[in-house]
Amino acid sequence: MSDFSFEIVEHIGKLGQESNGWQKELNRVSYGGRSPKYDIRAWDPDHQKMTKGITLSQEEFDDLKALLG
């Protein structure tokens, strides 16, 4: 079994808070020591646990921004 590692490289902003205290956030996160990607998911208050989410490359993030205007 391999170790799962992550590092929040940049906290960009909070998108909402759930009733259990977890916050949905937009961050740049490095998983397994790889280049950071844009990441949207909910985190526990200590940023040690996370829900399922979505990661986007820089190109995908730029496309999303263009779609949203």
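Helices (H or I, at least four residues) and strands (E, at least two) are DSSP runs, numbered from the N terminus; axes are lines fitted to C-alpha atoms, for helices over the stretch in contact (heavy atoms within 4.5 Å), and angles run from 0 to 180 degrees between N-to-C directions. This is a predicted model, in which local features need pLDDT of at least 70 and side-chain atom pairs count only at pLDDT 80 or more, while totals for chains, interfaces and linings use all residues. Residues are numbered from 1 along each chain as its sequence is written, and side-chain values use heavy atoms, leaving out hydrogens and water.

Strand 3 (residues 37-43) pairs with strand 4 over three bridges, and isoleucine 40 stands opposite isoleucine 54 in strand 4.

Take a look at arginine 41, in strand 3. Arginine 41 is buried (under 20% relative accessible area), with a value of 10%. Its side chain makes a polar contact with the side chain of aspartate 39 at 2.8 Å; such a contact is a pair of N or O atoms within 3.5 Å, and within protein one must be able to donate a hydrogen and the other to accept it, with residues adjacent in sequence counting only if both atoms are side-chain atoms.

Definitions and conventions
Two strands pair if DSSP finds at least two bridges between them. Buried means under 20% relative accessible area, exposed over 50%, partly exposed in between (1.4 Å probe, protein chains only).
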